[in-house]
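Q: Could you take me on a close look at the ligand site in this model? I would like to follow how the protein surrounds the ligand.

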Amino acid sequence: MDATRATRLSKFLSLHLRHRPEALGLTLAEGGWVGVEELLAAAARHGQPISRAELEELVSGSDKQRFAFDAEGAHIRAQQGHSVPVDLGLVPVTPPAVLYHGTVPAALPTIRRDGLQKMKRHHVHLSPDEETARRVGNRRGPAVLLAVDAAGLQAQGHVFYVSGNGVWLTDHVPAQYLREL
Ligand code: HQG
């Protein structure tokens with residue numbers, strides 16, 4: 001599969017496994033899972049045929065490991081980034097002392113006032129290193145980087161999770177736990 005098709009299919013999967021499963025007539029089961037056969041049939045019905053081999057390539061080849069199969073390979077889910085209500089079954093874990101967030105200058109005035117909000121997603125998404133955070137921020141323009149005092153937040157009772165693809169998740173980061181880099 002060429003890179004253009006891979007990107008298109010990856011966006012198609014992100015859209016339906018995170019945000020709009022109903023547009024394909026799908027419902028996410030607990031954990032965000034969808035049957036692989038069901039997904040492929042629904043995609044074909046909606047004018048986007050995907051072969052099983054392509055799906056496997058998308059799962060293993062994704063730069064960010066956005067999607068994962070279950071142990072049997074019978075179900076697939078997005079590892080994070082959902083906007084539809086879904087319980088991913090994540091368990092609280094102790095974060096590294098410092099995490100990072102990449103954003104754009106236009107968001108800073110509100111972030112300075114309200115801290116990091118989850119906006120349309122289930123959680124605020126944080127990166128384990130500056131390089132990853134820069135990539136996230138650069139999706140929308142030249143990134144600005146924020147360091148997050150994760151240890152301080154946890155000490156105050158904030159709960160952290162890590163997705164299967166290494167994205168750190170929490171509910172809210174108040175402004176006093178942020179430092180502009
Ligand atoms: C900003 C991608 C104003 C926040 C990435 C971000 C990530 C505020 C935007 C994943 C704010 C939300 C998530 C506030 C936060 N005022 N703006 N108080 N608080 N923001 O896309 O973290 O490619 O929902 O800085 O790699 O950018 O989809 O979150 O700019 O892992 O797999 O509001 O999405 O992964 O944007 O990215 P998003 P994000 P995928």
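A: Happy to. One convention first: Ala, Val, Leu, Ile, Met, Phe, Trp, Tyr, Cys and Pro count as nonpolar, Asp, Glu, Lys and Arg as charged, and the others, with Gly among them, as polar. Please keep in mind that this is a predicted model.

By that grouping, the shell around the ligand is made up of seven charged, six polar and five nonpolar residues. In total, 18 residues surround the ligand, and the closest are Arg-18, Lys-64, Arg-66, His-101 and Thr-103.

Now for where the shell comes from. Domain 1 (3-78) contributes residues to it and domain 2 (98-180) does too, so the ligand lies between them. Among the secondary-structure elements, β4 (98-103) and α4 (108-114) each provide at least two shell residues. The most comes from α4, which gives three. As for the surface, the ligand sits in the largest pocket.

The side chain of Arg-140 has an N or O atom 2.8 Å from a ligand oxygen. With Gln-117 the backbone takes part: a polar backbone atom there is 3.0 Å from a nitrogen atom of the ligand. Taken alone, the ligand would expose 780 Å², and the protein buries 87% of that.

Key: Residues numbered from 1 in each chain as written. Predicted model: local features only at pLDDT ≥ 70, side-chain atom pairs only at ≥ 80, totals over all residues. Heavy atoms only, no water. Near = heavy atom within 4 Å. Polar contact = N/O pair within 3.5 Å; in protein donor to acceptor, adjacent residues only side chain to side chain. Areas by Shrake-Rupley, 256 points an atom, 1.4 Å probe, with all protein chains shown as cover. 1 Å grid on protein atoms, 1.4 Å probe; cavity = no way out; pocket = protein on both sides within 12 Å on 5 of 7 lines; lining within 4 Å. Sits in = over half its atoms within 2 Å of the grid points. Helix = DSSP H or I, 4+ residues; strand = E, 2+ residues; numbered from the N terminus. Domains from an automatic or database assignment.
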